[in-house]
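Please take a moment to look over the sequence and the three-dimensional structure shown here, and then follow the paragraphs below through its parts.

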Amino acid sequence: MPLDLVTIPCRSDNYAYLLHDSATSRTALVDAPEAGPIAAALQDRGWALSDILLTHHHDDHVEGVAALRDGARVIGAAADAHRLPPLDLAVAEGDALTICGEPVAVLDVSGHTLGHLAFHFPQSGYAFTADSLMALGCGRLFEGSAPQMWDSLKKLRALPPDTLICSGHEYTAANAAFALSVDAGNAALVSRAAAVEAARARGEPTVPSRLSEEIATNPFLRADTPLMARQLGMEGADPAEVFAEIRSRKDRF
Ligand code: ZN
Ligand code: FE
């Protein structure tokens, strides 16, 4: 049985996630954009936090930690320990963790920030990617370089295709509009964009999303496809350069 997964809207467009193992009553939180909605979700279910996993140092991912930690083990990147809330466990790529009774792989997915982590739960089939791989998009490059983000996205793309990508923001409708501007020849994207619009019109979140669907439709994962290179007039270019071009067009979109 996969761990229970609860998606919690926070602030204007952030998401936090709760994981729960009913056998042991252990509960983990991934990112803490603000305390209020997370505390309410815990209280509704009678859950108490065992662990808090932090993806990166931005305020909209850590601001609620102080109010929520109350004995929970706070885990984040060793590389970012100086600018994260105080950590009980500092980790790096390759470290093995056990969360809610499941093994967890720590991935370095720097690019949006340096030290950005993703957490992969292979048994449940979840990956928490925050502002690295997002639904139909990827995070803006505040600290890392385009080749670095491209490498990070390739790591995530190599996870099992049925993995649920639990990302950090509800940006999908705007991401879809941009994706259509660079990849209009992609029929799977055209139909996903319509589904995203319908989901948002019903007020539903568009996360988590399936990795297989991201591989088929997310322009940032398609930088090494011939169709994408052709649509950008970049046939034969290095995929990292194609990725950089897509990212810079998104910044200006
Ligand atoms: Zn961020
Ligand atoms: Fe963010």
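In this predicted model, D60 is buried, and H169 is buried as well.

Because D60 belongs to helix α2 (residues 59-62) while H169 sits in the loop between β13 (164-167) and α5 (172-182), the pair ties together parts that are 109 residues apart in sequence. A zinc ion (ligand 1) is found 3.0 Å from the iron ion, and D131 coordinates both of them.

Turning to the strands, the model contains an open sheet of 6 strands in the order β1-β2-β3-β4-β5-β6, and the pairing within this sheet is mixed. Its edge strands, each pairing on one side only, are β1 (4-10) and β6 (89-91). On average, and with direction ignored, neighbouring strands of the sheet are turned by 20° against each other.

Within the sheet, strand β4 (residues 51-53) pairs with strand β5 (residues 73-77) in the parallel sense over 3 bridges, and I52 stands opposite V74 in β5. Helix α1 (residues 35-45) packs on the sheet, where it touches β1, β2 (14-21) and β3 (26-30), and the direction of this helix makes about 145° with that of β1.

How values were computed:
Residues are numbered from 1 along each chain as its sequence is written. Chains are lettered from A and ligands numbered from 1 in the order in which they are written. This is a predicted model: local features need pLDDT of at least 70, side-chain atom pairs count only at pLDDT 80 or more; totals for chains, interfaces and linings use all residues. Side-chain values use heavy atoms; hydrogens and water are left out. Donors are N, O and S atoms within 2.8 Å of the metal (3.2 Å for Na, K and Ca); water is not among the atoms, so sites may look incomplete. Helices (H or I, at least four residues) and strands (E, at least two) are DSSP runs, numbered from the N terminus. Buried means under 20% relative accessible area, exposed over 50%, partly exposed in between (1.4 Å probe, protein chains only). Two strands pair if DSSP finds at least two bridges between them. Axes are lines fitted to C-alpha atoms, for helices over the stretch in contact, and angles run from 0 to 180 degrees between N-to-C directions. Contact means heavy atoms within 4.5 Å.
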